[in-house]
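Q: I would like to learn how to read a protein model feature by feature, beginning with the overall layout and ending with single side chains. Could we go through one together?

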Amino acid sequence: MRHSRTLVVTAALGMALAGLGAVPAAAATPTAATPATPATGHYTAGAKHTAANDRAFYDAVMKSVAKKRAANPLAAAVTVTYGTANAPSFRSQISQAAQIWNSSVQNVRLAESSSGADFEYYEGNDPQNGSYASTDGHGSGYIFLDYGQNQQYYSVRVVAHETGHVLGLPDHYSGPCSELMSGGGPGTSCRNAYPNSTEKSRVNSLWRNGLASAFKPAA
C-alpha cells in the first residue's frame, strides 16, 4: 500500500468524506472534485510523501476540528460521517476499520451515512499510487482503495491506516507492525489493524482541542 494521499476531513462537513472479494472488472473513478494541489499520503512509501504534504494535511485537520467544535462545543465527541456506495467490495473492511477506531478513541466517532457524508471511500485500480487518502484542505476529499494492494496486504489494516489519515495521523513507515501508521513498512505479513497507545492519544488530543502541538510531522 502506498503512503496514503492524505485525506483531511474539513470542518464544514463538506467532504464528499471484506476478506477482499472478487475484483470488479471496471474500476470506479472518484467523482468528487480532485484537489488541484492535493496533500497526499500512501500506504507504502512513495515519491509524493513529503513533510510539506504532511504539514498541509495537519493544517487542514486543525481547521476541521476548530470549526466542528465551534458548531457544537458541548458535544462529547465529534462525529465524522463516511459513504461506501463507491466502494462496495470493501464495505466489510470499512465497517471493521470504523469499529476499530470507534473502540480505540473517545473524542471522534465514525458513522456511515447514505447521503451527505463528510468523505467517501472509492475503489479501483491504481498500481502507481496504491491506496491513499487525498484532500485539498477545502472540503473536498476521499479515500481510494486499490484492488491489487488490498490483495497483497491485509485489507482491514490498509483501510484502518488510510482512515487514520482522516483522523489526523501521518505516515511513519519505519515503525513496527504494532504501529498502524507504519503502513506497508513492516511488510505483507503484518496483520495488525489497531492503532497503538501513542496513536490513540494523538487522535484523542487532536479532536479534543485541535492544538497544533498535538502533532509533529514524522521525520
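Q: How many helices and how many strands are there in the protein?

A: Before counting, note that this is a predicted model, in which local features need pLDDT of at least 70 and side-chain atom pairs count only at pLDDT 80 or more, while totals for chains, interfaces and linings use all residues. Residues are numbered from 1 along each chain as its sequence is written, and side-chain values use heavy atoms, with hydrogens and water left out. Helices (H or I, at least four residues) and strands (E, at least two) are DSSP runs numbered from the N terminus. The protein has 5 helices and 7 strands, and from the N terminus on they follow the order β-β-α-β-α-β-β-β-β-α-α-α.

Q: Which residues of the largest nonpolar core touch the most other members?

A: In soluble globular proteins, nonpolar side chains tend to be buried together. Buried here means under 20% relative accessible area, exposed means over 50%, and partly exposed lies in between (1.4 Å probe, protein chains only); a nonpolar core is a set of buried Ala, Val, Leu, Ile, Met, Phe, Trp, Tyr and Cys residues joined through side-chain atoms within 4.5 Å. In this model 56% of the 219 residues count as buried. The largest core has 30 residues, of which Ile-94, Trp-101, Leu-110, Phe-119, Tyr-121, Val-203 and Trp-207 touch the most other members. Elements that each supply at least two of its residues include α1 (51–71), β3 (78–86), α2 (91–104) and α5 (197–209), and the largest share, 4 residues, comes from α2.

Q: What is Trp-207 in contact with?

A: Contact means heavy atoms within 4.5 Å. Leaving aside neighbours within four places in sequence, the partners of Trp-207 include Ser-64, Val-65, Lys-68, Val-78, Val-80, Val-108 and Val-166.

Q: Which side chains meet in a salt bridge?

A: Side chains of opposite charge can pair when their charged atoms come close. A salt bridge is a side-chain nitrogen of Lys or Arg within 4 Å of a carboxyl oxygen of Asp or Glu, and a search of the whole structure finds 1. The side chains of Glu-112 and Arg-91 form this bridge, at 3.0 Å from N to O. Because Glu-112 lies in strand β4 and Arg-91 in helix α2, the pair ties together parts that are 21 residues apart in sequence. Glu-112 is partly exposed at 41% relative accessibility, and Arg-91 is partly exposed at 46%.

Q: Which residues form a disulfide?

A: A disulfide is a pair of cysteine sulfur atoms within 2.5 Å, and the structure holds 1. Cys-177 and Cys-190 form it, with their sulfur atoms 2.0 Å apart, and the link is right-handed, with 85° about the S-S bond. Both cysteines lie in the loop between α4 and α5, 13 residues apart. Cys-177 is partly exposed at 27% relative accessibility, whereas Cys-190 is buried at 6%.

Q: Is Arg-157 buried or exposed, and which side chain of opposite charge is nearest?

A: For charge, Lys and Arg count as positive and Asp and Glu as negative, while His and the chain ends are not counted. Arg-157, found in helix α4, is buried yet has no salt bridge, the nearest side chain of opposite charge being Glu-199 at 7.3 Å. The side chain of Arg-157 does reach the backbone oxygen of Cys-177 at 3.2 Å. Among the residues that Arg-157 touches, not counting those up to four places away in sequence, are Tyr-43, Cys-177, Pro-186 and Cys-190.

Notes: Polar contact = N/O pair within 3.5 Å; in protein donor to acceptor, adjacent residues only side chain to side chain.
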